[in-house]
Amino acid sequence: MHINSSYLLCLSAGLVYDSLMLKHQCVCGNAHIHPEHAGRVQSIWSRLQETGLLNRCERIRGRKASLDEIQSVHSEFHTLLYGTSPLNRHKLDHKKLLGPISQNMYAVLPCGGIGVDSDTVWNEVHSSAAVRMAVGSVIELAFKVAAGELKNGFAVVRPPGHHAEESTAMGFCFFNSVAITAKLLQQKLGVGNILIVDW
């Protein structure tokens, strides 16, 4: 396949961000005691503006990942538990939510907030929407890069996702946005090899 070099010069870097992800906060309200908090992405966003990099990138509109997209990697119970808000959870088939719930599912943190472990805070009102926005934004950006619409991209998202396992939230992460995106790129676009680098 031959690609015109002038076409490549027109391609730009994509950038995705949505302020909805800032609402994923510990109910204690003290960001100083939580290493993963909204200030982290706010700082990144401010720096992108200060340096002028924001204006040199193409803004991509984020979106919430669908439950089906999330279930490409995660169990149905895990997806419903962390991917639905309390307002929508009552509409679901309750048999699907009768998974391996234990008293250790949520823990009271030293700060008084709720979490799934000492690092991973949970806000019953806002976290599910923020988590789905983070995953959907990574998917949206990666598909545009894979389709050749963008040269590359940077997703300013939270909570992060790379530590989450099929049925376990941990290390600040609820859904593994990287694994979900890789799986969907393979399934929907036929992308072969995907290199994932974590540093």
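Two strands pair if DSSP finds at least two bridges between them. Strands here are DSSP runs of E with at least two residues, helices are runs of H or I with at least four, and both are numbered from the N terminus.

This model is predicted, so local features need pLDDT of at least 70, side-chain atom pairs count only at pLDDT 80 or more, and totals for chains, interfaces and linings use all residues. Residues are numbered from 1 along each chain as its sequence is written, and side-chain values use heavy atoms, leaving out hydrogens and water.

**Stop 1: the strands.** Select β1, residues 13-16. Click L15: its bridge partner in β2 is R59. Follow the chain from β1 through α2 to β2. This β-α-β crossover is right-handed: with the strands pointing away from the viewer, the path from the first strand over the helix to the second runs clockwise.

Next, show β5, residues 152-155. It is also parallel to β1, with 4 bridges. V16 has A155 as its bridge partner there.

**Stop 2: the helix.** Select α2, residues 38-50, and find G39 in it. Is G39 buried or partly exposed? It is partly exposed, because its relative accessible area is 24% (buried is under 20%, exposed over 50%, partly exposed in between; 1.4 Å probe, protein chains only). Now pick L22, 17 residues away along the chain. The C-alpha atoms of G39 and L22 are 8.1 Å apart.

**Stop 3: the last segment on this tour.** Go to the segment after α7 (177-189) and select I194. I194 counts as partly exposed because its relative accessibility is 34%.
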